[in-house]
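Me: Hi! I have a structure open and would like to go through it with you. Could you take my questions as they come?

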Amino acid sequence: MASKDADPSLGYLTRKDTEVKLPRPTRVKNKTPAPIQITAEQILREARERQEAEIRPPKQKITDPTELGDYRLRKRKEFEDLIRRVRWNTSVWIKYAQWEESQKDFNRARSVWERALEVDYRNHTLWLKYAEVEMKNKFINHARNVWDRAVTLLPRVDQLWYKYIHMEEMLGNVAGARQIFERWMSWMPDQQGWLSYIKFELRYNEVERACAIYERFVQCHPKVGAWIRYAKFEMKNGEIVRARNVYERAVEKLADEEDAEQLFVAFAEFEERCKETERARCIYKFALDHIPKGRAEDLYRKFVAFEKQYGDKEGIEDAIVGKRRFQYEEEVRKNPLNYDTWIDYIRLEESVGNKGRIREVYERAIANVPPAEEKRYWQRYIYLWINYALYEELDAGDMERTRDVYRECLKLIPHEKFSFAKIWLLAAQFEIRQLNLKGARQILGNAIGKAPKDKIFKKYIEIELQLGNIDRCRKLYEKYLDWAPENCYAWSKYAELERSLSETERARAIFELAITQPALDMPELLWKAYIDFEISEGEYERTRGLYERLLDRTKHLKVWISYAKFEASAIEETVADSDVPEDGVWEHESKKGCVQRARRVFERAINYYRTSAPELKEERAMLLEEWLNMESSFGELGDVSVVQSKLPKKLKKRKQITSEDGSVSGYEEYIDYVFPEENQATNLKILEAAYKWKKQKHSTDDE
């Protein structure tokens with residue numbers, strides 16, 4: 001009865017019965033290293049020594065024809081059985097045939113080879129082995145038959161042709177070998193086949209035949225290498241005229257090929273060896289004009305070396321320029337938007353002085369318009385146009401072309417997005433140099449209409465001012481201020497113009513209009529210009545009024561200092577000339593009034609910083625230092641003690657440096673200013689704290 005745990009899939013054995021019982025691993029108790037260590041080399045040597053000798057089958061000795069027949073029958077049966085199993089295995093057929101050959105049964109061996117070829121006649125190894133067997137055993141006609149069939153069936157296998165020709169040549173059958181070569185050439189083999197035929201003819205001094213084969217060779221393979229070989233062959237045989245003719249025919253046919261550079265170099269070197277330096281120079285120049293620059297690197301190098309060896313100074317310079325031209329062409333081919341390279345290339349051409357070539361490079365350069373309408377991409381590109389226009393004007397002297405260059409450039413720039421003031425101004429200045437004032441005004445007017453810029457307004461106003469057109473200058477300033485009402489420079493220059501024309505009221509009105517603008521880019525410069533204007537006009541009351549209006553807007557330290565300095569330097573003519581005493585009493589009184597007014601300004605400033613801006617301690621300290629310096633400069637009229645009592649003490653303090661996560665990362669020192677009133681307040685706080693402590697102590701004692 002079967003066990004309960006038996007599994008039918010395991011032949012009714014239990015899992016326990018089928019478990020693989022591995023030997024229990026020995027437990028190493030002592031893990032210390034053994035006193036005698038065994039190396040890996042000793043283990044391998046011991047394993048080698050203990051190997052058993054290889055079992056070889058006994059040698060069979062055949063003593064009579066019957067045993068030999070049995071042996072042959074048995075081997076043939078083995079081979080036939082093997083062939084039936086693996087019919088497509090070529091090595092089995094080869095072993096079978098070679099065994100029959102070893103038995104000197106050549107008919108049977110041929111039969112095996114033929115059967116193998118029926119299976120796979122495309123396998124050229126079978127043909128090679130078959131023919132070698134026939135040749136080895138000196139069956140020449142059989143070998144010829146095999147080679148002939150092989151090259152007929154597999155004409156594209158060069159090895160078969162080589163072996164066939166080699167056999168005939170070894171037998172001295174030169175005519176037969178030539179006939180085989182001709183059969184092979186009808187299949188148009190590769191270059192090596194033709195070259196083998198040529199070498200074959202040269203071995204037998206058949207030079208004319210070799211020439212004829214070369215002619216057929218270059219027709220079959222019209223490559224640069226083939227023509228060069230042909231020409232060198234003629235040169236080697238001393239046929240210089242025929243060699244030159246070969247090169248000329250090659251140039252006619254292959255001038256536009258990719259590897260034409262090699263042909264031109266070889267042709268030039270040929271002429272150089274023939275002492276025809278002018279011919280060689282012409283070949284180099286013709287090649288450099290016809291071959292694309294990207295493929296003429298070696299040609300340029302050879303040309304420069306040639307000119308250094310045979311040329312004069314001009315020729316050497318021309319060759320070096322050509323080499324640099326090639327380098328620039330290569331760079332602009334890789335990156336046509338590299339405008340710095342184009343500029344360097346143009347400078348090179350300008351140094352040569354060929355107008356046609358210079359213009360061609362300029363036109364090619366400006367044709368590479370930046371792909372994006374962003375000013376940063378156009379900043380280098382625009383210099384190509386500028387250089388082009390300057391070249392046409394200064395070097396070429398063609399004014400109409402210069403005008404066309406400027407016109408095309410201005411038409412190309414997208415003025416709605418950005419513009420270049422430089423190009424507008426250069427175009428206008430060019431028209432002025434041509435005495436075309438109307439054209440210059442038209443260009444600058446278009447510039448203001450399409451792309452107004454500070455530089456354009458300034459230059460246009462400068463031109464009109466030089467011409468003495470004041471009304472035009474005023475109109476331009478009005479347009480300038482309409483376009484940029486926040487531009488303090490424009491307001492100042494406009495007022496300066498009116499002042500230079502003695503139009504004081506107009507200048508003052510312009511300043512008044514300027515300071516009422518809601519937004520200004522540099523208001524401090526405008527106010528300073530207005531104040532300087534009033535001071536220069538001697539309007540001290542107006543100047544004070546301006547300072548007061550400025551203080552209503554800002555209480556900056558510099559404004560207070562400037563106001564005080566003005567008051568210290570302003571001497572009013574309050575007394576008529578007739579009333580001025582000769583002893584200078586009036587001057588002394590006037591200076592005293594100036595000092596008092598300056599002090600009042602400083603006192604107002606100190607009062608402002610003490611009450612309204614107590615945190616601005618450094619500014620207040622600087623103001624006091626300025627006041628102290630001014631009092632010192634007054635001499636007898638000054639009173640330094642007034643300021644010294646208000647000077648602060650400088651204290652060096654430390655404060656924590658807090659990092660982003662809120663932790664304290666260190667300390668830094670800073671200068672703090674303690675003013676006299678703050679010191680008194682501190683002393684009062686100390687007294688108050690002491691009184692409080694004393695009172696608290698008395699109450700504790702009473703308890």
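Me: How much of the protein chain is buried?
Reply: Of the 703 residues in the protein chain, buried ones make up 37%. Please keep in mind that this is a predicted model.

Me: Good to know. How many helices and strands are there?
Reply: The protein chain has 35 helices and 2 strands.

Me: What about contacts between residues at least 6 apart in sequence, what share of them join residues at least 24 apart?
Reply: In the protein chain, that share is 47%.

Me: Let's switch to charges. How many salt bridges does the structure hold?
Reply: There are 49 salt bridges in the structure. I can walk you through a few.

Me: Please do. What does Lys 77 pair with?
Reply: Lys 77 forms a salt bridge with Asp 81, at 3.4 Å from N to O. Both residues sit in helix 3 (residues 65-85), 4 residues apart, which is about one turn of the helix.

Me: Now Glu 134, which residue does Glu 134 bridge to?
Reply: Glu 134 forms a salt bridge with Arg 110, and their closest N and O atoms are 2.8 Å apart. This pair links distant parts of the chain, since Glu 134 belongs to helix 6 (residues 124-136) and Arg 110 to helix 5 (residues 106-119), 24 residues apart.

Me: Is that pair buried or exposed?
Reply: Glu 134 and Arg 110 are both buried.

Me: Which residue meets Glu 215 in a salt bridge?
Reply: That would be Arg 249, with 3.0 Å between N and O. Glu 215 is in helix 11 (residues 207-220) and Arg 249 is in helix 13, so the pair ties together parts that are 34 residues apart in sequence.

Me: And how accessible are Glu 215 and Arg 249?
Reply: Glu 215 is partly exposed, with a relative accessible area of 26%. Arg 249 is partly exposed too, at 22%.

Me: Which residues do salt bridges with shared partners join into one network?
Reply: Arg 76, Glu 100, Asp 105 and Arg 108 are joined into one network that way.

Me: On to the surface. Where does negative charge gather?
Reply: Asp 256, Glu 257, Glu 258 and Asp 259 form a surface patch of negative charge. Glu 257 lies in the loop between helix 13 (240-254) and helix 14 (260-273). With 40% relative accessibility, Glu 257 counts as partly exposed.

Me: Which residues make a patch of positive charge?
Reply: Lys 199, Arg 229, Lys 232 and Arg 273 gather in a positive patch on the surface. Arg 273 is part of helix 14. Its relative accessibility is 49%, so Arg 273 counts as partly exposed.

Me: Which residues make the nonpolar surface patch?
Reply: Ile 432, Leu 437 and Leu 467 make that patch, which covers about 210 Å². Leu 437 is in helix 24 (residues 437-450), and at 32% relative accessibility Leu 437 counts as partly exposed.

Me: I also clicked on Leu 202. What does Leu 202 touch, not counting residues up to four places away in sequence?
Reply: Leu 202 touches Val 207, Ala 210 and Phe 233. Leu 202 lies in helix 10 (residues 191-203). Its relative accessible area is 34%, so Leu 202 is partly exposed.

Me: Last one! Where is Asn 368, and is it buried or exposed?
Reply: Asn 368 is in the loop between helix 19 (355-366) and helix 20 (375-378). Asn 368 is buried, because its relative accessible area is 17% and buried means under 20%.

Me: What is Asn 368 in contact with, leaving aside its neighbours within four places in sequence?
Reply: Asn 368 is in contact with Pro 336, Leu 337, Tyr 339, Trp 342 and Tyr 381.

Definitions and conventions: Residues numbered from 1 in each chain as written. Predicted model: local features only at pLDDT ≥ 70, side-chain atom pairs only at ≥ 80, totals over all residues. Heavy atoms only, no water. Patch = residues over 30% accessible without salt bridge, like charges linked within 9 Å, V, L, I, M, F, W, Y side chains within 5 Å. Areas by Shrake-Rupley, 256 points an atom, 1.4 Å probe, with all protein chains shown as cover. Salt bridge = Lys/Arg side-chain N within 4 Å of Asp/Glu carboxyl O. Lys, Arg positive; Asp, Glu negative; His and termini not counted. Charge placed at Lys NZ, Arg CZ, Asp CG, Glu CD. Buried < 20%, exposed > 50% of the residue type's maximum accessible area, 1.4 Å probe, protein only. Contact = heavy atoms within 4.5 Å.
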